[in-house]
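Subject: Structure handover

Hello,

Here is the structure you asked about. My notes on helix packing and the ligand follow it.

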Amino acid sequence: MTNDKKNNHAKLILPEGKIVTLPIIEGTIGPKVLDISSLYKEVGMFTFDPGFTSTGSCRSKITYIDGDKGILLHRGYNIEYLASEKSFLETAYLLLYGNLPDEKNKSEFVNAITTHTMLNEQISNFYKGFRDNAHPMAILCGVVGAMSAFYHDSTNINNKEERRIASYRLIAKMPTIAAMAYKFSIGQPFVYPNNKLKYSENFLNMLFSVPAEEYEFNQVFSDALDKILILHADHEQNASTSTVRLAGSSGANPFACISAGIASLWGPSHGGANEAVIRMLHKIDDVKHIKKYIDKAKDKEDPFRLMGFGHRVYKNYDPRAKVLQKIAEDVLKQEHKLENKLFDLAKELESIALNDEYFVEKKLYPNVDFYSGIILKAMGIPISLFTVIFAVARTVGWISHWNEMVEDKKNKIGRPRQLYIGEKPRN
Ligand code: SDX
């Protein structure tokens, strides 16, 4: 294949000598793309890329990741700046609308989200249908999908105002739904949202306050939670965001699409890794066992992987993990014996792994899930809720990508092809 500099095309020479010209398209920053959309029509062959390691699925202006340099930008702003200078709702506004809000836009947006925090009271009946040991992600999947049965006035995807209200309802109600899932699992009464509180304070209040006592706020915890939500808000075309886009490409309503995203995020290779990291650290238990687990992770015959390590895009330190390590230092100053032990174990594991040639050669670094669980655990959030917290944050990214896709005039239903390796026709 040659790259024809002049016309910015590549030429594909097929075995029988046929030559196909493929346009090369350039984005604002990052790798160029080969436009193969006409390939099948021209040559009767598909490309083949299971896992989409070399395939771009769409055009997007929302997030850019430079995996080699460990850079993450949301609408051009780096994640370190957003996590240290902005709130989760300001970041949500940025992802949704493309710019950071000025004071007027910010207060209008915060008020709009705040006035959507309550759920239709009938939805609370769903929780009684679950067993009390149901995983909160299972409840989240079910309840969010069921929202389309309640909010019919915001399911017409071709109506801009309905898309806006559906987006605000999802962002506003996810903490309420998540907190109710937790309260249900511990047999405590649901706590209604308190619209005097900020987003993350309100979330912690719904999780931990009880009618019998005055709830004491911990500012360090609510600040840490707000930053954790920012760090998990969006991440380009990851598995769950691609799931939301694919579901949305058929014209499905936004609640159904977000429910599909939640299902995809639940997997231990994706958002479920934060829960898996804590379980792994408990299993390792002591620094003297680290080598055994590093060897297991390197053993091809052993399915064990070092959870919280490695990434499809980052071949350098995940910038979010760096910020989370700093947040962990701040939160753990609040006297958390067990989590300090886990944190020290995690830091020791990281330093040993980063000096091991297997991890160095494969460019496996800590990712966003490596430290997040330690912070959440120190804040009293149970392990079963870790991926739920991730889903609450990522709802902002999912709905931003869903809106971008629906508004894209070139948007078509996603329908990949395959390499068929089954039976030939037979009687
Ligand atoms: C998230 O996509 C996103 O942006 C996701 C996310 C987001 O914000 O949306 O960043 C959130 O999902 C973070 C990732 C959380 N998952 C984990 O921490 C689980 C452990 N990590 C992996 O399973 C793995 O690294 C993935 C799934 C994250 C990435 O897998 P890839 O890109 O398909 O890489 P791979 O499996 O092909 O691995 C390349 C090599 C393999 O060895 P070889 O076959 O080449 O010999 O590295 C090895 C793998 O065996 N490897 C690991 C490893 N991760 C990869 N070996 C040991 N431990 C690991 N964690």
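In helix α6, Met137, Leu140, Cys141, Val144 and Gly145 meet Phe255, Ile258, Ser259, Ile262 and Ala263 of helix α11; contact here means heavy atoms within 4.5 Å. By class, this contact has eight nonpolar, two polar and no charged residues. Ala, Val, Leu, Ile, Met, Phe, Trp, Tyr, Cys and Pro count as nonpolar, Asp, Glu, Lys and Arg as charged, and the others, Gly among them, as polar.

This is a predicted model, in which local features need pLDDT of at least 70 and side-chain atom pairs count only at pLDDT 80 or more, while totals for chains, interfaces and linings use all residues. Residues are numbered from 1 along each chain as its sequence is written, and side-chain values use heavy atoms, with hydrogens and water left out. Helices are DSSP runs (H or I, at least four residues), numbered from the N terminus.

The axes of α6 (residues 136-146) and α11 (residues 254-265) are 8 Å apart, and the packing angle is about 165°. That makes α6 roughly antiparallel to α11. Axes are lines fitted to C-alpha atoms over the stretch in contact, with angles running from 0 to 180 degrees between N-to-C directions; angles under 35 degrees count as roughly parallel, over 145 as roughly antiparallel, 65 to 115 as roughly perpendicular and the rest as oblique. The crossing of α6 and α11 is left-handed, meaning that the near helix is turned anticlockwise from the far one by less than a right angle (clockwise would be right-handed).

Helix α10 (residues 239-249) also packs with α11, at an angle of about 150° and with the axes 8 Å apart. α10 and α11 are therefore roughly antiparallel to each other. The residues of this contact divide into seven nonpolar, five polar and no charged.

With helix α18 (residues 386-407), α10 crosses at roughly 40°, and the axes come within 9 Å. This crossing is right-handed. On the α18 side, the residues in contact include Arg394, Trp398 and His401. The contact of α10 with α18 has four nonpolar, five polar and three charged residues.

Which residues come nearest to the ligand? They are His235, Leu306, His311, Arg312 and Arg320, out of 24 around it (a heavy atom within 4 Å). As for polar contacts (pairs of N or O atoms within 3.5 Å), a side-chain N or O atom of Arg394 is 2.8 Å from a ligand oxygen atom. A polar side-chain atom of Asn367 lies 2.9 Å from an oxygen atom of the ligand.

Regards

Notes: Helix = DSSP H or I, 4+ residues; strand = E, 2+ residues; numbered from the N terminus. Polar contact = N/O pair within 3.5 Å; in protein donor to acceptor, adjacent residues only side chain to side chain.
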